[in-house]
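Here is a short briefing for a first look. The points are grouped by topic.

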Amino acid sequence: MYASNAVNGDENQLRLFTGRAHPGLGKEIADILGVTLGKIQIHSFPDTETWVQVEESVRESDVFILQPTGPPVNDNLMELLVMLDAFKRASAASVTTVIPYFGYAKQDRKSTGREPISARMVADILIRAGTDRVVSIDLHVAQIQGFFSIPMDHLTALTTLVKYLRGKDLSNAVVVAPDVGRAKFAEKYAGLLDLPMALMHKRRRGPGGTAPEVVALVGDVRGKTPIIVDDMISTGGTISNSAKALMEEGANPCYIAATHGVLVGNALENLNHESIREVIVTNTVPISDEKRAQLPKLRVLSIAPLLAEVIRRIYKGESVSHVFREAELEFPV
């Protein structure tokens, strides 16, 4: 679906750099575009401060920085900010930050008194640090786009995941939203896969709503194979509880499809439950070989073709939305 042609004749202007958060993904994207990753030194001082030096001229170049802000979130975010400052001071014509996984996205509003809206704060900091444009994939909540006063391209990995799922036997499947907030997300999956949909309702307890409890299920799952869809898997607690609840309702072991495989805490233990058939994520954040070995049912799909095509389109001044319209998917990019 995504073009893989090089940015012909423009290698001296387009510059793709990556921080230390996910250099493997950066190399994949560079290979698809037919460009060489930019030369940059990044080190941490003994006191953990970040030092950056761009080792080639970027004057009047269009610079793209790839840096997901996943764990360790604060380190990766600070590294991105220092890189941004270096490129602006090196007289780059424009700097686009490509953040496949946007950290702090869960903190998009005040759910009680005296809380920060950290997603807005991060957006403000990125703008102040000098980014001209931001690209991200499947934000936890779409309204984060409104926190930016600069162009913000909100992409989706939905088409990448759907393409993989179409290779499965879905004759008796049902798409399941793990909570009310994912209903629209699940509806898009159901439409592309031509499947019915079910909805789970949860009550969250504890600090930050970290202890979810399934209290209701709307839809028929008995004897069916659920496909639980979400934007991310962090500790896997919510997904695991959902899968167990569906099995108790008579469903078969389920597929899990999520964009971001953050996989922290007890995630691997939670996802190894018999109620889960396969866990499908993309490589928006790096997933170590050790984690893959500990969770054999894990499938990691590459998001590099999508990001390479979007970078090419932004650089060439072409429509980004067209990438998704080709798949008959309206998405607000």
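Which residue stands opposite D153 in strand 7? V135 does. This is a predicted model: local features need pLDDT of at least 70, side-chain atom pairs count only at pLDDT 80 or more, and totals for chains, interfaces and linings use all residues. Residues are numbered from 1 along each chain as its sequence is written, and side-chain values use heavy atoms, with hydrogens and water left out.

**Overall form**

- The chain has 10 helices and 14 strands. Helices (H or I, at least four residues) and strands (E, at least two) are DSSP runs, numbered from the N terminus.
- Its C-alpha trace spans about 60 × 45 × 40 Å along the principal axes.
- The radius of gyration is 20 Å, which agrees with the value near 20 Å for a compact globule because the chain has 333 residues. This radius is taken over C-alpha atoms, and the globule rule is 2.2 Å times the number of residues to the power 0.38.

- Five strands form an open sheet in the order 1-4-5-6-7, with parallel pairing. Two strands pair if DSSP finds at least two bridges between them.
- Strand 1 (14-18) and strand 7 (152-155) are the edge strands, and each pairs on one side only.
- The twist averages 15° from one strand to the next. Axes are lines fitted to C-alpha atoms, for helices over the stretch in contact, and angles run from 0 to 180 degrees between N-to-C directions.

**Backbone details**

- Most residues other than glycine have a negative phi, and most peptide bonds are trans.
- P71 and P72 are joined by a cis peptide bond, with omega about -10°. P72 is in the loop between strand 4 and helix 2 (73-89).
- S91 is a residue other than glycine with a positive phi, near 70°. The loop between helix 2 and strand 5 holds S91.
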